[in-house]
Amino acid sequence: MPLSPTTRVTLRHILIVEDDPDIQIIARVALEAIGGYQVTICSSGEEALQVAPTSDADLIMLDVMMPGLDGPSTMTQLKQISALRDTPMIFMTACVQPSEVADYLALGALAVLSKPFSPLKLPQEVARIWSTYGSADRS
Amino acid sequence: MVPLTEAEQTIALLRAQYTQQLPQRALEVEDAWRRAQCEGAPGLVDLRMLAHRLAGSGASYGFPEVSTSARVLESAVIGTVGRVNTQTVADLAPLAPFVESLVLRLRAPDAPVDTELITYDDLPGGDRNGRAMRVLVVDDDYDIVAILTISLIQAGYKVASVSSGEAAIEYLLETPTDLVILDVLMPGMSGLQVLEYLRDLVPNMAVIVTTAHGSEEVAIGALRRGADDYLRKPFDVRDLRVTLGRTVEMVELRRQNAELQQQLEEKHQRLEKELARAARVQADLLPSIFPSLPGYDMAARCVPARNVGGDFYDWQIVAPGLLNLTFGDVMGKGMPAALLMTAIRAVMRSTARAVSPAINMRYASGVLEPDLEGAGSFVTMFHAQLEVQTGRVGYIDAGHGCAFVYRADGTIDPDLEPRGVPVGVPRVDPFIEGVVVLNPGDALVIFSDGLLDARPDLLAAGNRAFEPVVAGAPDARELLDRLFALVDIESPLPDDLTAVVLMRH
């Protein structure tokens, strides 16, 4: 079985697309200081479309509700960029409706994280999602 | 990885900064709310965005209640925008308590959650029976509180929420509530403990417990302890609606039931009261003062099987040295018999004179028979007339039969002939009078068949069976007591129990 060219076993670099500065800063602290990841932040979907193709991010985390391009639209457009076609993406949302979670997964999201998150637990949660992605990819 | 403590210090610092900003956020929320009320949509969009951000960030900074309040406001805004076409001030009024709650929370983010009550009253809609159901949500998970609160409010319920079992009980002691949605697993007082407490406290309130996936056994335990239904987490709006629908229906049925039960109880109590009054009235109708009869003594007693009954006795001195004594037993017992009994007593009182018992009975029955026929009833009567001087007793036995003469030598004249048919039964023969003479030491004993109903053995043996019972009784009172001692009058009687004794000395 041929290995996917994008297979990565180690998660190093996370791109976060989030408009709320309060979330930006707490996510950065959680993932950098506690998780030990490299974090890049975009404050809007439009900015993500500029930054992501050359960012070399292993994982993209998107807020769902943003002014301008919202999370789902941003993800759809990101996935049309060939360099990002296989980059796993996660939604962060304050929505707890299982039906909406299913919609986001159907769009091609790897997982849906619920907000607000606990900064101390966020790195573990991301690592857990990454490990399921990695193992599924290797099999 | 950097040491966790260092990261925690950083987070604590961020939290302090975030906390400092909260009063500013409160102003922003109030500003957006003011603009929403003036200009509509743009203000509303800002209000929603502010709420959305606070909902998404509050708990991350250690303020889960900020997240809950904000999320509830956000959902309420979405619900309002979805419901109304034009945003007038009146349309937005239902949002006010949500805004107020969030602003309060932002100004005092560390206020104890247990004492906080987020109540959302005065909301339109969902009021099926002219009255919205009151629901209390009890959960320490602000996400669950938020989703339940939102869903319930949108469905038209009046909702309050608390985050601990202790607070739930405090709230429920004060506030009438139709339904509680109760988390089973909470720190402190557990849902099951709350449940047990609630069942005694407010038995008519419905309880839905929420349990985590995989804890079905806990749910079953809760149902055994009196929960009405359970909801498994995570749930979506459909699950909630189904469970709610079921429970609401049950609550409504239970409420109607309780109402009917209450009405029944009141009616019953009223009837009981009336019956007790009737019993007193009836008891007063029986003579309690014995006539002064030189050389004789009398005793009489009546114990109705129910409060009131159809037995009666009465006596009158109709002429010097002449006593009329009437004993009646109306068919059946209870109120119908009692009504007829009072009528018969009155008729006998007004018609019986110092003429022969046969004539008295002829007059009385002439008046009574149409009434008895109409009521489909009859009365057995023993109407006697004593000549005090001679001890001669003339009598009419209208189908009664329960009478005998006790002789001074201890024997009994068992049958006082002749016996006719009861009053109210089609009469062929005229009343025929019998005669018996009481000598000193003799007694005339008249009783109701209630005595025989209670002692079927006596019925089979005939009146002579009373010989050993009454032998040697020195006076009327003693004789009467011995008759009543045959029956346990404390236990329910099959029929009214009455006896009259007239003894010559």
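Predicted model: local features only at pLDDT ≥ 70, side-chain atom pairs only at ≥ 80, totals over all residues.
Modeller: Residues are numbered from 1 along each chain as its sequence is written, chains are lettered from A and ligands numbered from 1 in the order in which they are written, and side-chain values use heavy atoms, with hydrogens and water left out.

Colleague: Why is B:S448 called buried?

Modeller: Buried means under 20% relative accessible area, with a 1.4 Å probe and protein chains only. B:S448 has 0% relative accessibility, so B:S448 counts as buried.

Colleague: What is B:S448 in contact with, neighbours within four places in sequence aside?

Modeller: Contact means heavy atoms within 4.5 Å. Among the residues that B:S448 touches are B:D311, B:F327, B:H400 and B:D496.

Colleague: What makes B:R53 and A:D19 a salt bridge?

Modeller: The rule wants a side-chain nitrogen of Lys or Arg within 4 Å of a carboxyl oxygen of Asp or Glu. The B:R53 and A:D19 side chains meet at 2.7 Å, N to O, so the pair qualifies. Across the interface of chain B and chain A, the rule finds two salt bridges.

Colleague: How much area is buried between chain B and chain A?

Modeller: About 2,300 Å², with 65% of that from carbon and sulfur atoms. Buried area here is the accessible area (1.4 Å probe) that two parts lose on being put together, summed over both. As for contacts, 30 residues of chain B touch 22 residues of chain A.

Note on methods
Buried < 20%, exposed > 50% of the residue type's maximum accessible area, 1.4 Å probe, protein only.
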